[in-house]
Amino acid sequence: MKPNFRKRLLQGECLTGTIVSLACPQIAELLSRSGFDWLFIDGEHGALSVGDIQLLLQAAQPRCPCVVRVAANQEVCIKQALDTGADGIIAPLVNDAETAARVVAWARYPPLGKRSVGIARAQGYGASFADYVSRANENIAVIIQVEHVDAVVNIASILDVPGIDGVFIGPYDLSASMGKPGNIHDADVQDHVETVRRACLKRRMALGIFGVNAAALQPFFKQGYTLNAVGMDTLLLDQSARQVLSDLRR
């Protein structure tokens, strides 16, 4: 059996996932069988409720680890995502060390943090409460998203915060924060991405990024990115349907 997601992340394994944004457990189940190392459940931009997220996790686990991008850097969002049984969280818009510290605290049980103790799916609805609580701090991955120019400026102090397991760069929001929405290949945007990359590699921090397809993501593998997401459920469905029709109509 492979080590859990967090251990694989910290060991520097190259982990490739895809984004799940649709509230359809069957899609999550299919993707979990496709060979991805993890699924990125999008609770921020996807139209997903907490109940939707739990159904997606139930469909995909334990075949494939699932990490939930929470809707906001709020305590309730983090504890609800973790209590559904997520293997980790991705916290959006972490722009400074203070925000990073709060995220870590809300994701870790005392004495390492301030996570609220409840009984839900993660705890086996109570049946595995003691075992889960004793292992959660070791097993839950805490990943922060760097997607604003302020986060790039503060990257050194952000990475100083204990308990961060990985950084996921959001190039699209980063470009928007620089007044260049969607221009992810702009030289200034790429310079900022490179600043974050170097800071993470210097500290041996797991680093990831999103690519719309394999061609877009492939170059990052050689640059030290080990936590990556390629495409998303909607894109994969659309591209596959268009390709089938194209093949038939040649």
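Mentor: Contact means heavy atoms within 4.5 Å. This is a predicted model: local features need pLDDT of at least 70, side-chain atom pairs count only at pLDDT 80 or more, and totals for chains, interfaces and linings use all residues. Residues are numbered from 1 along each chain as its sequence is written, and side-chain values use heavy atoms, with hydrogens and water left out.

Trainee: Which residues does V167 touch, not counting residues up to four places away in sequence?

Mentor: Residues up to four places away in sequence are set aside here. The contacts of V167 are then I143, I144, V146, L159, V196, C200, M205, A206, L207 and G208.

Trainee: How many strands close into a barrel?

Mentor: Strands are DSSP runs of E, at least two residues; helices are runs of H or I, at least four; both are numbered from the N terminus. Two strands pair if DSSP finds at least two bridges between them. Here the pairing is parallel, in the order β1-β2-β3-β4-β5-β6-β7-β8. The number of strands in the barrel is 8.

Trainee: Why is β2 largely enclosed by the rest of the structure?

Mentor: One side of β2 holds W38, F40 and D42, the other L39 and I41, and all are buried. β2 is largely enclosed because the count of its buried residues is 5 of the 5.

Trainee: Which residue of β3 is the bridge partner of I41?

Mentor: β2 runs parallel to β3, joined by 4 bridges. β1 also pairs with β2 in the parallel sense over 4 bridges, and there G17 stands opposite W38. On the β3 side, I41 has as its bridge partner V68.

Trainee: At about what angle does helix α3 run to β2?

Mentor: Axes are lines fitted to C-alpha atoms, for helices over the stretch in contact, and angles run from 0 to 180 degrees between N-to-C directions. Helix α3 (residues 50-60) lies across β1, β2 and β3. Its angle to β2 is about 170°.

Trainee: Which residue in β8 is the bridge partner of F210?

Mentor: β7 (residues 206-211) and β8 (residues 227-232) run parallel. They are joined by 2 bridges. In β8, the partner of F210 is A229.

Conventions. Buried means under 20% relative accessible area, exposed over 50%, partly exposed in between (1.4 Å probe, protein chains only).
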